[in-house]
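Please keep the sequence and the three-dimensional view at hand while reading.

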Amino acid sequence: MLVEQKQPSMGRRGLVVGNYCHDVLIRNEVVVGETLGGAASFISNVLDGVSIRCDLVCKVGSDFAYSVSHPSIVVPTSPTTLFHAFFDSGSEGEGVADRVLKRVRFCGAIEPSDLPESRFDFGMAVGVAGEILPETLERMLDICEVVFVDIQALIRVFDSGDGTVRLVGLKESGFFHLLPRIGFLKASAEEAPYVDVEEARKWCCVLITNGEKGCTLFWKDGEMQILPFPAVQIDPTGAGDSFLGGFVAGLVQGLAVLDAALLGNLFGSLTVGQIGLPKFELRLLQRVKDEVQRRKMQCLSCCEDSNGDLKFAKPAGHQQFHSSLAAAKLMSVAPLHECLRNSSPRAVEQGIPQCSGQQKLLVNPVYEEPIQSVEGTQ
């Protein structure tokens with residue numbers, strides 16, 4: 001049966017597990033950007049923005065190029081995980097992948113012994129490069145009241161030759177036996193066929209993101225499509241991660257499940273409009289926090305049942321909450337002078353314009369890895 005989940009509380013912190021990465025973005029075989037990557041970076045960016053306390057467990061090499069607010073475990077004998085993300089401007093339309101990923105370097109796995117001894121109100125297993133082991137996820141399930149899992153942490157495999165990312169079914173991943181203990185499982189529309197949503201929804205809530213179409217939630221007794229927010233897509237990298245961060249932030253702040261999914265859609269839409277890690281304007285974040293608090297007060301009794309378990313029913317005023325968040329998004333354009341904040345050291349030294357929080361564009365790249373063509377990798 002579906003795991004009964006309690007509303008995470010504001011008073012305790014969360015645990016986010018997944019490595020930071022260096023991402024190189026390539027369009028039509030031309031490097032268009034180098035950014036801080038890894039789901040943990042996008043998720044912590046959202047959680048920090050809305051003042052949700054969290055601890056991060058992530059590993060990087062001594063070559064890690066960015067300044068971050070959460071410390072990492074530095075592995076002096078390994079390089080930071082590096083991805084090359086290939087985008088094809090002609091690959092548009094339903095059912096067509098908008099990028100091909102290659103894992104060029106791998107820092108290493110996060111072991112159960114790397115996790116804190118503390119207990120946490122919620123945990124997020126958000127690896128991107130195979131760094132989360134089954135035993136590590138099992139340890140998270142032991143020390144966290146509820147665990148949110150991004151399916152990419154479980155089903156990605158990597159070509160032994162060029163590192164191209166491929167997917168395997170959840171049942172063949174080595175993680176399937178842990179499904180009954182997972183609270184929420186998030187997947188993209190492209191990843192969903194590897195999950196067996198009909199089976200997974202018997203055990204946990206499944207969130208399927210679908211780009212400009214928003215997302216759909218599946219649980220044991222029902223499903224619901226959640227409205228999207230309009231966006232001009234520049235870089236889809238991290239949109240699903242920001243969605244998950246926004247969704248968790250909504251639950252932690254007391255929103256109903258379906259309202260929290262709206263908050264996830266909002267942050268996903270904000271992310272695709274920038275290259276790399278997005279910079280959220282402070283006025284926007286404050287407006288969002290005000291709207292969330294107002295919504296929470298409207299729905300004090302609609303989030304949980306008498307046992308404190310989460311409700312999945314669509315609460316009254318859901319559409320109005322969407323409209324309020326859409327209005328807040330209109331103030332989302334960050335001033336240029338704020339965009340240099342948290343830039344990579346070399347980019348700042350060389351005066352490279354930074355159009356979002358952690359990126360560089362086209363000038364003197366840090367990484368000299370040869371760019372391999374994606375021909376024949378589909």
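## Terms and source

A residue is called buried when its relative accessible area is under 20%, exposed when it is over 50%, and partly exposed in between, using a 1.4 Å probe and protein chains only. By this definition, Phe267 and Phe280 are both buried.

The model is predicted: local features need pLDDT of at least 70, side-chain atom pairs count only at pLDDT 80 or more, and totals for chains, interfaces and linings use all residues. Residues are numbered from 1 along each chain as its sequence is written, and side-chain values use heavy atoms, with hydrogens and water left out.

## The chain as a whole

The protein chain contains 9 helices and 17 strands. These elements are DSSP runs numbered from the N terminus, where a helix (H or I) has at least four residues and a strand (E) at least two. Of the 378 residues in the chain, 56% are buried.

A contact means heavy atoms within 4.5 Å. Among the contacts in the protein chain with a separation of 6 or more, 67% are between residues 24 or more positions apart.

## Helix 8

Helix 8 covers residues 318–329, 12 residues in total, and spans 17 Å from its first C-alpha to its last. Which residues of helix 8 are buried? They are His318, Phe321, His322, Ser324, Leu325, Ala328 and Lys329. Seen down the helix axis, these buried residues fall within an arc of 165°, so they line one face of helix 8; the arc is that of the directions from the axis to the C-beta atoms. The cover over the buried residues includes strand 16 (222–226), helix 6 (257–272) and helix 7 (282–298).

His322 belongs to helix 8 and has a relative accessibility of 11%. Not counting residues up to four places away in sequence, His322 touches Leu227, Pro228, Phe229 and Leu262.

## Aromatic pairs

The structure holds 8 aromatic pairs. Rings of Phe, Tyr and Trp (its six-membered ring) pair if their centres lie within 6.5 Å; planes under 30 degrees apart count as stacked, over 60 as edge-to-face and the rest as tilted. Phe243 and Phe247 form a stacked pair, 6.3 Å centre to centre with 10° between the planes. Both lie in helix 5 (residues 239–252), 4 residues apart, about one turn of the helix. In general, an α-helix has 3.6 residues a turn, so residues three or four places apart point the same way. Phe243 is buried at 2% relative accessible area, and Phe247 is buried at 0%.

Phe267 and Phe280 form an edge-to-face pair, 5.2 Å centre to centre with 75° between the planes. Phe267 lies in helix 6 and Phe280 in the loop between helix 6 and helix 7, so the pair ties together parts that are 13 residues apart in sequence. Elsewhere, Phe122, Phe148, Phe184, Phe243 and Phe247 form one aromatic cluster.

## Asn45 and its contacts

Asn45 is part of helix 1 (residues 39–49). Its side chain reaches the backbone oxygen of Pro278 at 2.9 Å. Leaving aside neighbours within four places in sequence, Asn45 is in contact with Leu277, Pro278 and Phe280.

Key: The expected span of a helix is 1.5 Å times one less than its number of residues. A polar contact is a pair of N or O atoms within 3.5 Å; within protein, one must be able to donate a hydrogen and the other to accept it, and residues adjacent in sequence count only if both atoms are side-chain atoms.
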